[in-house]
Structure formats: structure tokens, C-alpha cells
Amino acid sequence: MRSPRVLYRRDGRVATITLARPRLSNRVDAAMASELQAACQRAREEDAWVVVLTGRGAAFACGGERTPGLEEMERHQAARVVAALDRPVVAAINGDALDQGLELALACDIRIAAKGARLGLTQLVNGALPWDGGTQRLARLVGHARALELLLLSRVVDAGEACEMGLVHQVVPQVELDATVEELAQRLASVGPIAARYVKEAVKLGRDAPLAHGLRLEADLSFLLQSSADRSEGIRSFLEKRKPVFAGQ
């Protein structure tokens, strides 16, 4: 019986999903993609307010098992299931994030990298191209000119340069990564979860829409939020000068 390729742990409101093929640098294959989908679904079913994605061992994730054929591509896609999560997702980049591994990190909302980690999409070296969202998400993060430079040259950058260009949000020493991510996850879990999901929806759907459509979406979501118990709790706690206690309702 093979070992699981993805580990799942739930601590309070935070679910941690760990890629677990350390001897192969957490290389993605169809089985890992399937287990990752199941873990994301479990986080939804258990109503985790925040999800952390990280790797076991020295790497976050480096590449895929192989470039699948067109008929197999959907089974090998892993980033799309992470991107589909409607709650905040934090990538704890504990080591190198290369090729499909970086595509996984790009699908997260916030990326914290350990000092010394390397990041890049190098598929062109082997005559392939990113196919799990890399070309699209990278360009939206760092701009089209910088994305083309990184992609066409298959350039690998260290965590510090990645932070300077906006590819990751923060770089910390390896020994501080877990504590930094834990503190961030708890901060994210302390806000109203419905409001957080609506913010994520407004940003994602409004990104490629005309400004007028994005503003309308924002207004619609704000209107929907008014009917939630969490919104009432937020108002009540403000008037009573105390911290809100949200229930996700």
C-alpha cells in the first residue's frame, strides 16, 4: 500500500494541507492531484476558515511527474483545485517551488517563502510550457513584461527577488516560517469568514471586468453580507467596544 501523497490536518479554524512526496521533491502526479482535490473538498466540508498549503521535506514542490497528454491533463491539474477554494489560502513555501510546484503556489492568495527557496517556471527548457495556470496567474501578479522574461528565459529567482517583484508577499528565515504562517493564519481566521470569502470573490471576478461591473459586484456582495449574523455581530461588537465573535453565519 503506497503512502499518501497529501496530508491533511485541522487545527481549529485552520486546515493545513501538506504535499508529501519528499524523496521526489513533492513532484505532482495524477494521484497527488486527486488527493489534493479530496483535501480541498474536506476543508470545505469541515468549513475551515483558512487553508495553508505547504510541502514536506526540503522542497515545496518541484515540477510534475510528466507533461500529460491532452486527454490526461484534467487528472493532473492541481492548481485549479486550490484556486477554486472560496476561503483564504496561504502558501507556506518551505523550499523550492518550480514548474507545476510554482503553479500551485500561484493559485494561493498569500505566499510566504523561506529564505533560500527558489521559484521559477522552466518548462520551456524541455520544449513544454506551463499548463496548470502558470502563464495566466504569473502575468497577473508581476505584469506581462516581467512574466514573459521569466517564462521565455526559464529564469529561476531566489525568494528575495521574488518578493521584490511581487511574486511572494514575505520572506522569512526557514526557522521562522511555521510561526509566521501560523500567526498569519490565525489573523485571517479572526475576521468574518463570510466577508473574507466575499472579498476574495469580488477581487477575483472583478479583476478582468470593467470597473463599473466590478463596482456593481462589490455593492451586491456588500448588500448580501448585511443579512448575515456575522455582520450583525460586527456592528454589535463595535457598539459594545469588544472584539467580535464570528460564527460564519
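Which residues cover the two faces of β3? Val50, Val52 and Thr54 lie on one side of β3, Val51, Leu53 and Gly55 lie on the other, and all are buried. This is a predicted model, and the points below should be read as such.

1. **Overall make-up.** The protein chain has eleven helices and ten strands. Of its 249 residues, 48% are buried. Take the contacts between residues at least 6 apart in sequence: 69% of them join residues at least 24 apart.

2. **The sheet.** Six strands form an open sheet. Their order is β1-β2-β3-β5-β7-β10, and the pairing is mixed. The edges belong to β1 (6-11) and β10 (170-172). Each of these has a single partner strand, so one side of each has no neighbour in the sheet. From one strand to the next, the twist averages 20°.

3. **Strand β3.** This strand spans residues 50-55. Six of its six residues are buried, so β3 is largely enclosed by the rest of the structure. On one flank, β3 pairs with β2 in the parallel sense over six bridges. Here threonine 16 stands opposite valine 52 in β3. β3 also pairs with β5 (residues 89-93), again in the parallel sense, over four bridges. Two of the partners can be named. Valine 51 has valine 89 as its bridge partner in β5. Leucine 53 has alanine 91.

4. **Strand β5.** Five of the five residues of β5 are buried, and the strand is mostly covered. Both faces are covered: Val89, Ala91 and Ile93 are buried on one side, Val90 and Ala92 on the other. β5 runs parallel to β7, and four bridges join the two. Alanine 91 links the two pairings. It is the bridge partner of leucine 53, and it stands opposite arginine 111 in β7.

5. **Helix α1 on the sheet.** Helix α1 covers residues 30-45 and packs on the sheet. It touches β1, β2 (14-19) and β3. The direction of α1 makes about 15° with that of β1.

6. **The α9/α10 pair.** How are α9 and α10 arranged relative to each other? Helix α9 (residues 193-206) and helix α10 (residues 211-225) pack at an angle of about 165°, with axes 9 Å apart. Angles over 145 degrees count as roughly antiparallel, and α9 and α10 are therefore roughly antiparallel to each other. Their crossing is right-handed. From α9, the contact residues are Ile194, Ala195, Tyr198, Glu201, Ala202, Leu205 and Gly206. From α10, they are Gly214, Leu217, Leu221, Leu224 and Leu225. By class, the residues of this contact are nine nonpolar, two polar and one charged.

7. **Alanine 117.** Is alanine 117 buried or exposed? Its relative accessible area is 2%; under 20% counts as buried, so alanine 117 is buried. The residue lies in the loop between β7 (110-114) and β8 (118-120). Leaving aside neighbours within four places in sequence, alanine 117 is in contact with Ile93, Gly95, Asp96, Val157, Asp158 and Ala159. One of these, Ile93, is among the buried residues of β5. Alanine 117 and alanine 59 are 58 residues apart in sequence, yet their C-alpha atoms are 8.0 Å apart in space.

8. **Two serines with positive phi.** Phi of serine 25 is near 55°, a positive value in a residue other than glycine. Serine 25 sits in the loop between β2 and α1. With a relative accessible area of 29%, serine 25 is partly exposed. Phi of serine 154 is near 50°, also a positive value in a residue other than glycine. Serine 154 is in the loop between α6 (144-152) and β9 (157-158). Serine 154 is buried, with a relative accessible area of 11%.

How values were computed:
Residues are numbered from 1 along each chain as its sequence is written. This is a predicted model: local features need pLDDT of at least 70, side-chain atom pairs count only at pLDDT 80 or more; totals for chains, interfaces and linings use all residues. Side-chain values use heavy atoms; hydrogens and water are left out. Axes are lines fitted to C-alpha atoms, for helices over the stretch in contact, and angles run from 0 to 180 degrees between N-to-C directions. Angles under 35 degrees count as roughly parallel, over 145 as roughly antiparallel, 65 to 115 as roughly perpendicular and the rest as oblique. A crossing is left-handed if the near helix is turned anticlockwise from the far one by less than a right angle, and right-handed if clockwise. Contact means heavy atoms within 4.5 Å. Ala, Val, Leu, Ile, Met, Phe, Trp, Tyr, Cys and Pro count as nonpolar, Asp, Glu, Lys and Arg as charged, and the others, Gly among them, as polar. Buried means under 20% relative accessible area, exposed over 50%, partly exposed in between (1.4 Å probe, protein chains only). Two strands pair if DSSP finds at least two bridges between them.
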